[in-house]
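Thanks for coming, everyone. I'll walk you through one structure, from the inside out. Please have a look at it first.

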Amino acid sequence: MNETIDTNVTLVPFIKEDTVEYLKLANEVEVGKFFKLAYCRNKSEANDIIDLFTTSEDYIAFKILNCKNQFVGAIVGEKKEKKKTIEISYFIGKDYRGRRYCENAIIEYAKHIAKNFSQKYRCLEFCISIINYSSKKVMNTLGIKLAYTRGYAHYRCPVKNLI
Ligand SMILES: CC(C)(COP(=O)(O)OP(=O)(O)OC[C@H]1O[C@@H](n2cnc3c(N)ncnc32)[C@H](O)[C@@H]1OP(=O)(O)O)[C@@H](O)C(=O)NCCC(=O)NCCS
């Protein structure tokens with residue numbers, strides 16, 4: 001009998017001490033130049049990126065834990081105050097894909113923004129490589145609409161539509 005997978009996730013602030021564990025998760029070279037966190041070719045690069053996410057006020061970064069408290073991925077948003085928008089990037093470790101963790105992490109992220117920054121940020125934006133079918137699938141499942149395509153596919157959604 002197939003084991004039922006619990007797709008629930010918890011978001012926990014991404015801190016610098018998570019770097020080593022994150023590197024284990026993302027040790028493959030991803031197709032993902034489009035994704036800052038996935039584009040960690042070596043330790044030093046990853047350290048620089050994680051330094052930025054964990055120290056700059058411009059980012060809100062979380063690690064994604066599954067129901068067994070395993071570190072399965074990360075979701076990071078860059079604040080764009082003038083546009084009242086947060087630009088989201090995400091990454092799920094190879095061994096944990098296909099379990100709806102990404103969709104649920106986006107929903108949890110939207111809840112966090114609605115609770116803490118409802119006046120400041122109204123929309124989430126996602127910039128996706130046009131060949132990233134898994135990511136497009138995530139957008140479609142969540143009902144997030146394609147806003148425009150310029151090099152990348154740009155998806156956009158009001159925070160309130162996700163919660
Ligand atoms: C894109 C990504 C975040 C999707 O996360 P996920 O939690 O696996 O998403 P889901 O479980 O909702 O699966 C979405 C789709 O991915 C595909 N998928 C499923 N299992 C997969 C696996 N083991 N490996 C790759 N893709 C898989 C399927 O098309 C699936 O849709 P379907 O189940 O309706 O057929 C993840 O593949 C990833 O981190 N990729 C590398 C980094 C990246 O692309 N980041 C996005 C940049 S914006």
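Which residues have the most contacts inside the largest nonpolar core? They are I64, A74, I75, A105 and Y109, in a core of 38 residues. And α3 gives the most to this core, with 7 residues. Keep in mind that this is a predicted model.

Now the overall layout. The protein has 4 helices and 7 strands. Along the sequence, the pattern reads β-α-α-β-β-β-α-β-α-β-β. There are 163 residues, and 30% of them count as buried.

The 7 strands form an open sheet, ordered β1-β2-β3-β4-β5-β7-β6, with mixed pairing. The edges belong to β1 and to β6, residues 145–150. Each has a single partner strand, so one side of each is left without a neighbour in the sheet. On average, neighbouring strands are turned by 30° against each other, direction ignored.

β6 pairs with β7, residues 152–158, in the antiparallel sense over 5 bridges. There, L146 stands opposite Y155 in β7.

Now over to β2 and β3. These two are antiparallel as well, with 7 bridges. A61 has V76 of β3 as its bridge partner. The hairpin they form has 4 residues between the strands, and N69 takes a positive phi near 65° there.

Then β3 and β4. They run antiparallel, joined by 8 bridges. A74 faces F91 in β4 across the pairing, and A74 is also one of the residues with the most contacts inside the core.

On to the helix. α3 covers residues 101–116, which makes 16 residues. From first C-alpha to last, α3 reaches 22 Å, close to the 22 Å expected at 1.5 Å a residue. Where does α3 lie? It lies across β1, β2, β3, β4 and β5, running at about 55° to β1.

Which residues of α3 are buried? Y101, C102, A105, I106, Y109, A110 and I113. These buried residues pack against β1, β2, β3, β4, β5 and α4. For orientation, β1 is 9–13, β2 is 59–66, β4 is 85–92, β5 is 123–128 and α4 is 133–142.

Look at Y109 up close. Leaving aside its neighbours within four places in sequence, Y109 is in contact with L11, F62, I75, G77 and I88. One of those, I75, is listed beside Y109 among the residues with the most contacts in the core.

Why does V72 count as buried? Because V72 has 22 C-beta neighbours inside 10 Å, and the cut-off is 20 or more. Again leaving aside neighbours within four places, V72 is in contact with I64, L65, N66, I92, G93, Y96 and Y101. Two of these tie back to what we have seen: I64 is among the residues with the most contacts in the core, and Y101 is one of the buried residues of α3. As for Y96, it is 24 residues from V72 along the chain, yet their C-alpha atoms are separated by 6.2 Å.

That's the tour. Over to you.

Methods:
Residues are numbered from 1 along each chain as its sequence is written. This is a predicted model: local features need pLDDT of at least 70, side-chain atom pairs count only at pLDDT 80 or more; totals for chains, interfaces and linings use all residues. A residue is buried if 20 or more other C-beta atoms lie within 10 Å of its own, exposed if 12 or fewer, and partly exposed in between; C-beta atoms are placed from the backbone. Two residues are in contact if their C-beta atoms, placed from the backbone, lie within 7 Å. The expected span of a helix is 1.5 Å times one less than its number of residues. A nonpolar core is a set of buried Ala, Val, Leu, Ile, Met, Phe, Trp, Tyr and Cys residues joined through C-beta atoms within 7 Å. Two strands pair if DSSP finds at least two bridges between them. Axes are lines fitted to C-alpha atoms, for helices over the stretch in contact, and angles run from 0 to 180 degrees between N-to-C directions.
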